Amino acid sequence: MSLRNSALRTLSVSALLLSVSFPAFAQDANAVAERLKVLLAEQATDISWTSVSGDASKTVLEGVKIGSGPKESVAIGNLTLEGITEDNGAYKIQTATTDAAHIVSNGLTVDVSPAIFSGVVLPAEGSTDPLGSVLFYETAKMASVTVKKDDKEVFALTNASADITSPQDGKAMEFTAAAEKFTADLTTVKDPKAKDAIDALGYQTINGNMQMEGSWQPTDGRMTFSKYDVTVDNAGTIGLTFDLNGYTLDFLKSVQDMSKKMAEQPEADKSAQGIAMLGLMQQLNFQGATIHFADDSLTGKVVDYVAKQQGVKPADIVNQAKAIVPFLTAQLQNPELSSQITSAVNAYLDNPKNLEIAAVPPQPVPFAAIAATGMSQPLELPKQLGLKVTANK
């Protein structure tokens with residue numbers, strides 16, 4: 001769908017701006033520029049500019065381009081850095097501000113308002129800090145992102161923000177992020193069946209918001225997302241949580257290095273590359289995850305729509321679903337889980353409040369082991385992951 005592609009491209013542009021806005025400058029602009037290139041290269045990101053102007057209090061990088069390589073770079077205008085100080089080789093900036101960006105690509109026009117980052121830190125070379133090779137900021141704000149197709153706005157994001165707490169004294173880094181509002185126009189959907197469903201459900205235009213919370217301990221790579229909620233007004237909220245460890249800076253660098261080699265040797269033995277990547281995944285351990293849906297009238301609208309399509313009553317659709325679920329879950333060859341799913345679905349259809357799928361393994365499971373089980377014994381995955389299904393908690 002065009003909306004999905006638009007949203008993905010919008011997120012890609014936003015991610016580029018986040019990467020761009022990390023850089024810091026100080027009194028010696030050339031030294032900072034070189035340090036900046038090194039740090040971004042560590043994150044598999046290339047940056048260039050046409051010139052540097054300003055002084056110790058305010059420095060501007062002009063004609064900035066950023067991307068994963070020269071052929072994939074995006075021009076984003078200027079970066080303005082203010083309140084610059086140096087502390088034992090590290091550069092600190094009170095605020096780093098991007099220009100407004102106007103990008104035209106593949107029939108889409110993306111406009112991004114200036115992004116303002118505060119508390120930006122460019123670590124000193126040779127730093128022993130766990131984040132010594134990572135560009136850091138404390139807060140970020142972006143007023144708007146809009147995507148247009150054929151002069152028609154198909155997606156907009158308003159008041160996006162992020163807050164990060166540095167991992168001091170061995171504590172984990174904590175972060176939150178949010179988008180106050182997003183709007184998506186679904187009238188551009190071309191598929192007739194999808195368009196018919198959208199119109200019948202009354203979702204020609206959807207509005208909502210996003211919220212995220214989590215933490216990361218760089219020393220052992222423990223990464224936790226305690227909240228990742230996307231809410232659509234008059235529909236519901238889909239929420240995700242997950243917990244893993246082993247997501248260290250060394251792991252990230254290894255993945256980047258391998259990805260670079262694979263890109264440089266596209267004709268190389270794919271099986272060997274897959275085995276190498278599987279070996280890297282062995283470093284990650286799965287601790288747990290959940291998928292949660294809280295209904296806000298979507299379920300009832302879908303049931304009514306399906307009933308109308310079949311010329312029956314909504315209650316008939318609910319009863320049909322209840323009757324089918326046990327047969328579908330029997331294929332799992334897991335009576336306990338099948339009973340859980342059947343009970344949860346019945347309770348949810350009778351009174352749609354919320355539905356949750358949780359994976360809670362008795363002990364951390366290496367991702368490589370999960371992949372191996374999925375390929376060789378897929379029916380064992382629910383047991384390995386400790387899968388549970390509940391409703392109306």
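This is a predicted model: local features need pLDDT of at least 70, side-chain atom pairs count only at pLDDT 80 or more; totals for chains, interfaces and linings use all residues.
Me: How do strands E3 and E4 pair, and over how many bridges?
Reply: E3 (residues 58–67) and E4 (residues 74–87) are antiparallel, with seven bridges. Strands count as paired if DSSP finds at least two bridges between them. The strands themselves are DSSP runs (E, at least two residues; helices are H or I, at least four), numbered from the N terminus.

Me: Ok, which residue is the bridge partner of Ile 66 in E4?
Reply: That's Val 74.

Me: And how many bridges join E4 to E5?
Reply: Eight, and E5 (residues 90–98) runs antiparallel to E4. For example, Leu 81 has Ala 96 in E5 as its bridge partner.

Me: What's between those two strands?
Reply: Two residues, and in this hairpin Asn 88 takes a positive phi near 55 degrees.

Me: New topic: where is Tyr 305, and is Tyr 305 buried or exposed?
Reply: Tyr 305 lies in helix H6 (residues 298–310). Tyr 305 counts as buried because its relative accessibility is 18%. Buried means under 20% relative accessible area, exposed over 50%, and partly exposed in between (1.4 Å probe, protein chains only).

Me: What does Tyr 305 touch?
Reply: Not counting residues up to four places away in sequence, Tyr 305 touches Lys 193, Asp 196, Ala 197, Ala 200 and Leu 201. Contact here means heavy atoms within 4.5 Å.

Definitions and conventions:
Residues are numbered from 1 along each chain as its sequence is written. Side-chain values use heavy atoms; hydrogens and water are left out.
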